[in-house]
Amino acid sequence: MNDRAEFTAGLMKALPSLRAFAISLSGRAERADDLVQDTLMRAWANADSFQPGTNLNAWLFTILRNLFHSEYRKRRREVQDEDGAYAARLSVQASQDAHLDVQDFRLALESLPPDQREALLLVGASGFSYEEAAEICQCAVGTIKSRVNRARTKLAEILSIDGPEDLSADARTRSVTAQSGI
Amino acid sequence: MIRKHVKAEVENLEEEIQIDEHIQRRIGTKLRSFYDELLNEPIPEKFVELLVKLEEKERKEGQS
C-alpha cells in the first residue's frame, strides 16, 4: 500500500470521530458537515506536511478546530446572542425527565464558551491526553486543564449536579422501587 | 485587561478548587453517552464519495 492510500484509509477511519467533534463543537449538524468536508479537503491538499507514523487524528482535529475558530471569529456577535438565548432557555428549563438528559446536556454544552467546550470534548470525549489537546489547541497544558475544570464546573451548575445522584436518577430509583415493592 | 485576567487565572490553576469527584464522574458519564450517540451516527455518503474522488484524481494525475 502506498502512502497516499494509507492516508486515505486513515481519513476514512477518522470520519466518525471528526464528525462527532464537529457536531458537538459547532452545535449544528449542517455546519458540522461543512466543517468536516473542509477539513478533508484541507487535509488532502496538505497531505505532504503530515508525517506518517505521527497521530493522524490529532493532526485532523487541529485542522478542524482551526477552521472552526476562523469561521467563529467572523460571526462572533451572532453566536454570542445565540448563547444568551440558550442560557435563558436553560434557566427556565426545570424539567429533568430522564429521556431529555442527552438533550439537556447538549444545550448545556452549547452554552459553554467555545474554548472550554473544545477542551472538554478533546479530553473528556475524544480520548486525547491533556498534552495532545494542548498541541491541538496550540496552548499550554495548564490552560487546557484550567479550561476543562471550568467547563465541568459550569456544566455541573447548569445541570444542577451537586452530588453523587441527580434529580432524574432519584426519580428513576423511586419509580423502580415503587414497582418492585421494596 | 481581559488577557491579564485569563493569564492570572491560569497561573492560579494549582490553587483552583478542584471539582468534586462524584460530580466529575457524573459529568463524564453524561458527556460520553452524548458523544457515543454522535459517534454511532451513520457517516454521510458524500464524505466517502469525496475521498474516493480525490484519490481517483490523484491516481490519474500520477499516471499522466
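## Chain B fold

Along its sequence, chain B reads α-α-α. The count is three helices and zero strands. Helices here are DSSP runs of H or I with at least four residues, strands are E runs of at least two, and numbering starts at the N terminus. Of the 64 residues in chain B, 11% are buried. Buried means that 20 or more other C-beta atoms lie within 10 Å of the residue's own; 12 or fewer is exposed, anything in between is partly exposed, and C-beta atoms are placed from the backbone.

This is a predicted model, in which local features need pLDDT of at least 70 and side-chain atom pairs count only at pLDDT 80 or more, while totals for chains, interfaces and linings use all residues. Residues are numbered from 1 along each chain as its sequence is written, with chains lettered from A and ligands numbered from 1 in the order in which they are written.

## The side of chain B that touches chain A

The interface pairs 29 residues of chain B with 36 residues of chain A. Contact requires C-beta atoms, placed from the backbone, within 7 Å. Helices α1 (2-11), α2 (21-39) and α3 of chain B each supply at least two residues to this side. The most comes from α2(B), with 15 residues.

By class, this side of chain B holds 17 nonpolar, four polar and eight charged residues. Nonpolar covers Ala, Val, Leu, Ile, Met, Phe, Trp, Tyr, Cys and Pro; charged covers Asp, Glu, Lys and Arg; the others, including Gly, are polar.

Axes are lines fitted to C-alpha atoms, for helices over the stretch in contact, with angles from 0 to 180 degrees between N-to-C directions. Under 35 degrees counts as roughly parallel, over 145 as roughly antiparallel, 65 to 115 as roughly perpendicular, and the rest as oblique.

From α2(A), A:Val36, A:Gln37, A:Leu40 and A:Trp44 meet B:Phe47, B:Leu50, B:Leu51 and B:Leu54 of α3(B). These contact residues comprise seven nonpolar, one polar and no charged.

## α6(A) against α8(A)

Within chain A, helix α6 (residues 114-125) packs on α8(A) at about 100°, with the axes 8 Å apart. The two helices are therefore roughly perpendicular. On the α6(A) side, the contact includes A:Leu120 and A:Val123; on the α8(A) side, it includes A:Ile144 and A:Val148. The contact divides into six nonpolar, two polar and five charged residues.

The 18 residues of α8(A) should span 26 Å at 1.5 Å a residue, and its end C-alpha atoms are 26 Å apart, which agrees. The expected span is 1.5 Å times one less than the number of residues. Buried residues of α8(A) include A:Arg147, A:Ala151, A:Arg152 and A:Leu155.

Helix α7(A) (residues 130-137) has buried A:Glu132, A:Ala133, A:Ala134, A:Ile136 and A:Cys137. A:Gln138 follows α7(A), with a positive phi near 55°. A:Gln138 is not a glycine. It sits in the loop between α7 and α8 (141-158) of chain A. A:Gln138 is exposed, with 10 other C-beta atoms within 10 Å.

A:Ser160 counts as exposed, with 11 C-beta neighbours inside 10 Å.

Note on methods: Two residues are in contact if their C-beta atoms, placed from the backbone, lie within 7 Å.
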